[in-house]
Amino acid sequence: MGADLEGVNLEGANLTGAYLYAADLSGANLERADLERANLERADLEGADLEGANLTGADLGGAKANQDTIWPEGFDPEAAGVTFGD
């Protein structure tokens, strides 16, 4: 298990290249966060708000999300390797 960041407010944070492997980001506010080249493999993104976030080059393989996860406009989470639960 990675870092426990459940519900944390990271709005607008610069997380370029951050290592967030298997992190619990459920319910986190990541609006407009810069996650370019971040490692989000196997991260829990259920209910996270990623509206306006920069996910260019981010590794989302095996990350999990749900219908409450908010993605940047035009981003295709399934093509990025995200799996969906409830």
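## Contacts along the chain

In this predicted model, residues 24 or more positions apart account for 1% of the protein's contacts with a separation of 6 or more. The secondary structure comes to zero helices and two strands. The radius of gyration is 11 Å, close to the 12 Å that the globule rule gives for 86 residues, so the protein is as compact as a globular protein of that length. Along the principal axes, the C-alpha atoms fill a box of roughly 30 × 30 × 20 Å.

## Surface and charge

Of the 86 residues, 42% count as buried. The protein exposes about 4500 Å², and carbon and sulfur atoms supply 43% of that area.

## The nonpolar core

In soluble globular proteins, nonpolar side chains tend to be buried together. Here the largest nonpolar core has 24 residues, and those with the most contacts inside it are Leu-25, Leu-35, Leu-40, Leu-45, Leu-50 and Leu-55.

Leu-35, one of these leucines, touches a set of residues that, once those up to four places away in sequence are left out, includes Leu-15, Leu-20, Leu-40, Leu-50 and Leu-55.

## Residues before strand E1

Ser-26, Arg-32 and Arg-37 can be taken together by their place in the chain. Ser-26 is found in the segment before E1, Arg-32 lies in the segment before strand E1, which spans 64-65, and Arg-37 also has its place in the segment before E1.

Ser-26 has a relative accessible area of 14% and is buried, because the cut-off for a buried residue is under 20%. Leaving aside neighbours within four places in sequence, Ser-26 is in contact with Glu-6, Gly-7, Asp-44 and Glu-46.

Most residues other than glycine have a negative phi. Arg-32, however, has a phi near 55°, a positive value in a residue other than glycine, and the phi of Arg-37 is likewise positive, near 60°. Arg-32 is partly exposed, with a relative accessible area of 48%, whereas Arg-37, with a relative accessible area of 52%, is exposed.

Methods
Residues numbered from 1 in each chain as written. Predicted model: local features only at pLDDT ≥ 70, side-chain atom pairs only at ≥ 80, totals over all residues. Heavy atoms only, no water. Helix = DSSP H or I, 4+ residues; strand = E, 2+ residues; numbered from the N terminus. Rg over C-alpha atoms; globule rule 2.2 N^0.38 Å. Buried < 20%, exposed > 50% of the residue type's maximum accessible area, 1.4 Å probe, protein only. Contact = heavy atoms within 4.5 Å. Areas by Shrake-Rupley, 256 points an atom, 1.4 Å probe, with all protein chains shown as cover. Core = buried A, V, L, I, M, F, W, Y, C linked by side-chain atoms within 4.5 Å.
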